[in-house]
Amino acid sequence: MADIYVNAKKKLGKINREIYGQFSEHLGRCIYSGIYVGEDSQIPNRNGMRTDVVEALKQIRVPVLRWPGGCFADEYHWKDGIGPKEKRKKMINTHWGGTIEDNSFGTHEFMELCRQLGCKTYINGNMGSGTVQEMSEWVEYMTFEGTSPMADWRRKNGQEDIWKVDYFGVGNENWGCGGNMRAEYYADEYRRYQTYVRNYGSKIQKIACGANADDYNWTRKVMEIAGNYMDGLSLHYYTLPNEKWEHKGSATEFEEADYYRTLKKTYYMEELIQRHGGIMDSYDPQKRVGLMIDEWGTWYDVEPGTNPGFLYQQNTMRDAMVAAINLNLFNRHCDRVKMANIAQMVNVLQAMILTEGDAMVLTPTYYVFDLYQCHQGAELLESSVNCGEIETELGTIPGITQSASFGEDGKVHITIANLSADRGEAVTVHFGEDMPAELSVEMICGGMRDKNTFEEPDCVKKVVWKEGRMEGNCVVLELPACCVVHLECLV
Ligand code: AHR
């Protein structure tokens with residue numbers, strides 16, 4: 001038995017749509033073949049973008065897309081990716097499998113993808129191996145309306161109008177793949193580079209490279225030295241079932257102990273948000289600077305037989321639970337968490353979509369984003385849960401995760417996951433003095449290892465669930481094991 005309490009009168013702040021953001025890197029089959037197939041492909045496409053993938057992503061209302069990396073960003077030279085495709089320079093993607101990058105997907109193609117998706121743009125600039133001038137000229141190329149060398153070049157390449165750059169990241173993981181910098185050095189360099197990320201038209205939100213997981217010193221130093229020059233500070237934290245990078249664990253073959261350990265490690269995100277947020281509070285009590293969790297998700301061993309540099313992994317109900325926990329946490333900390341970008345959108349790590357040739361599969365994680373889209377732009381509501389705990393090898397976790405919001409549609413939305421792998425749970429949702437009406441519930445549910453494959457693409461899918469019932473001021477849900485639910489009602 002568990003009780004969830006929702007106070008529909010207590011609005012705690014806006015849940016930024018960007019919390020439901022995505023990340024797409026030039027890595028493995030994310031961009032090439034997963035999203036972009038080129039105009040001459042047999043696979044149905046619009047201006048080179050797979051129609052099936054774009055249409056599926058439109059259903060979950062992707063609010064913002066981060067590109068081109070990741071570690072790739074600090075090796076990327078944007079001028080190689082513009083102009084006639086046959087003339088574009090080829091390079092080796094040294095980070096990710098040593099493949100040849102032919103630069104056929106560049107700035108114009110990224111902007112076209114975002115146009116098709118109807119989402120905001122988040123470009124990650126190259127500080128690790130690029131110059132201030134290069135970064136500055138990229139911004140000029142994309143956003144300067146008048147006559148200038150870069151703006152004229154853009155027009156010559158077929159783009160008359162400026163594009164809107166909503167977010168611009170100054171480097172990625174500069175404590176590691178982005179240059180192995182110390183926090184003090186990065187912070188000084190950040191101040192310099194960001195100076196030349198000019199606002200020619202509408203304001204670009206500038207994002208500084210943030211910490212690797214629990215590197216609190218990084219956050220402290222970067223906030224102290226450069227906090228006044230940024231709109232957001234990133235944070236990267238991945239959920240690995242095991243500590244060892246060389247043996248992270250299989251995405252699909254795991255035991256119950258692995259399942260619970262993975263969920264426990266996911267909950268570490270809450271401590272990270274609280275502690276990084278606490279440090280940010282001491283430099284930025286007004287919470288002007290957003291915590292941008294622009295890489296998160298599960299990271300397993302690659303699927304057997306696939307290129308280790310491509311980070312291709314399957315996706316099960318365990319991933320759905322990881323997504324449900326994290327997204328509920330981000331909602332509940334929306335006073336500081338202003339954006340989050342799951343890694344990554346297609347065919348890489350905890351993907352929404354897997355592709356093989358012209359076939360496409362939607363993962364359990366996709367359906368969690370589908371169920372949770374109700375929270376985009378909504379007002380967070382006060383909520384709490386009283387439930388039993390589950391023992392894991394690393395300590396306990398709550399059996400239920402929840403968050404609630406008042407949506408743009410005037411309804412109350414509650415997302416709940418029963419984390420137990422094998423036990424159903426009777427959940428009573430209490431609305432205090434308010435009376436719920438017009439209840440509807442949708443969910444995904446399955447065994448912890450259930451997944452969608454190309455042979456069986458609909459093993460996990462969203463269903464309308466008729467079994468929720470209203471009892472006075474409460475809604476009662478007899479939840480099955482391992483499920484994620486979206487409850488919607490008027491109060
Ligand atoms: O998402 C894969 C990689 O993980 C990114 O390129 C990098 O930023 C992080 O280490």
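**Figure 1. Lining of the largest cavity in the predicted model.** Y76, W78, N126, T131, E134, M135 and W138 line the largest cavity, which holds about 50 Å³ of space. On a 1 Å grid over the protein atoms alone, a cavity is a set of points where a 1.4 Å probe fits but cannot get out, and lining residues have an atom within 4 Å of a point; grid points are joined across faces, edges and corners, and a volume is the space filled by probe spheres set on the points. By class, this lining comprises four nonpolar residues, two polar and one charged, where Ala, Val, Leu, Ile, Met, Phe, Trp, Tyr, Cys and Pro count as nonpolar, Asp, Glu, Lys and Arg as charged, and the others, Gly among them, as polar. This is a predicted model, in which local features need pLDDT of at least 70 and side-chain atom pairs count only at pLDDT 80 or more, whereas totals for chains, interfaces and linings use all residues. Residues are numbered from 1 along each chain as its sequence is written, and side-chain values use heavy atoms, with hydrogens and water left out.

**Figure 2. The second largest cavity.** This cavity has a volume of about 40 Å³, and its lining includes R66, Y122, E173, H236 and D294. Two or more lining residues come from each of β8 (120-125), β10 (205-212) and β11, strands being DSSP runs (E, at least two residues) numbered from the N terminus. The lining has three nonpolar, six polar and three charged residues.

**Figure 3. The largest pocket.** A pocket is an open set of grid points with protein on both sides within 12 Å along at least five of seven lines, and the largest one contains about 490 Å³ of space. Among its 25 lining residues, N212, Y237, Y238, L240 and W245 lie nearest the centre. Strand β11 (232-239) and helix α7 (256-283; helices are DSSP runs of H or I, at least four residues) are the elements that each give two or more residues to this lining, and β11 supplies the largest share, three residues.
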